[in-house]
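Work through the following exercises with the coordinates open. Each task is followed by a solution in steps.

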Amino acid sequence: MSIRTIVWGENIHENTNDVVREIYPDGMHTTIASALNSDPVIKATTATLQEPEHGLTEARLAETDVLTWWGHKDHGAVSDEVVERVAKRVWEGMGLLVLHSGHFSKIFKRLMGTPCALKWREAGERERLWVINLRHPIAAGLDENFVLENEEMYGEQFSVPEPLETVFISWFQGGEVFRSGMTWRRGAGNIFYFRPGHETYPTYHDANVRKVLINAVKWAYNAQGALKGITDAPNVPVEKAPEPIVERGPKLHQAGEAGYR
C-alpha cells in the first residue's frame, strides 16, 4: 500500500527572494515531498500554482489520498473552480494538511467557513511546540516538546471552528501562545492544520517537523476510499420510498425534477 500524496506549493518566494531560494533551492514543495518520501508507505509528488489547473486536475485528484497545502503571497490567484474541486475530494474522503500561512488559503477558509485570521510577527523568535495529546498518532515518536530556534510568531485569537482535537500548542519567545496543530473532519475527509513553516527559516529541514508531516499524512489517509455521491441531492420518487405512502398535498417539484441549490 502507498499513500498517494500531492505536496502543493505556491512556489513564488523561492523564485523571487534570495533568502528563501538559498534555504529551499528546489522549492519548499520539493523539500516537503522529500521528507514524506523518506517513509516507504508514502508516495509524494508535487504540484504548484504555476501549472495548468495548478497541477490539480480532476483526474489527478481522483487518484490522490492526501493533499498538503502551502501558500502565502497570492492566495487569490488560486482558481475558484480548483478550490471547489479540492473541497469535493475532501468531502469524499481525501485527507488535507494545511501548513503555516495556508490558514488564509481559499481552500482552508472554504472548509472552515470562518475568517481563519490570527495575530503575527516576523522576528525570528524561538518557538516551543508542546505536545498536549501525546497519544495522538500525529505526535508519534515525539518528546513532550520540541524547539524551533527561528520562526514567525502566530498568536491567538485564531478564528477557526472548534477543532475535534488539539495536538500541539506553541509558545513564542515574545510571550504569545497559539494552537499550532488541530484536526477537523469535513464530510469523510480528515483535515490537519500545522502552524510552523515560515519560508525565510529552515523549518521544513527540521527532523521533528518532518516527523509530524509524515505522521499527519498517515493519520489523514482514509483507507476506505472515496465516498462518492456526497454532494448529490436526489429527488426520491414516491414509489421508491422505503415504506408505502400515498402522495397528497401540493408540491413545487415534478417527479424526478432537480431541487433548488
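A residue is called buried at under 20% relative accessible area, exposed at over 50%, and partly exposed in between, using a 1.4 Å probe and protein chains only. The model is predicted: local features need pLDDT of at least 70, side-chain atom pairs count only at pLDDT 80 or more, and totals for chains, interfaces and linings use all residues. Residues are numbered from 1 along each chain as its sequence is written, and side-chain values use heavy atoms, with hydrogens and water left out.

**Exercise 1.** Classify serine 180 as buried or exposed, and list what serine 180 touches.

Solution. Step one: locate serine 180, which is found in strand 8 (residues 177-186). Helices (H or I, at least four residues) and strands (E, at least two) are DSSP runs, numbered from the N terminus. Step two: the relative accessible area of serine 180 is 0%, so this residue is buried. Step three: contact means heavy atoms within 4.5 Å. Leaving aside residues up to four places away in sequence, serine 180 touches Leu129, Phe168, Ile169, Ser170, Tyr193, Phe194, Arg195 and Pro196.

**Exercise 2.** What are the phi values of glutamate 53 and histidine 54, and is each residue buried or partly exposed?

Solution. Step one: glutamate 53 has a positive phi of about 55° and is not a glycine. Histidine 54, also a residue other than glycine, has a positive phi near 55°. Step two: glutamate 53 lies in the loop between strand 2 (42-48) and helix 4 (58-62), and histidine 54 is in the loop between strand 2 and helix 4. Step three: glutamate 53 has a relative accessible area of 40% and is therefore partly exposed, whereas histidine 54, at 9%, is buried.

**Exercise 3.** Determine whether the peptide bond from glutamate 156 to glutamine 157 is cis or trans.

Solution. Step one: omega is near 10°, and the bond is cis. Step two: glutamine 157 sits in the loop between strand 6 (145-155) and strand 7 (165-172).
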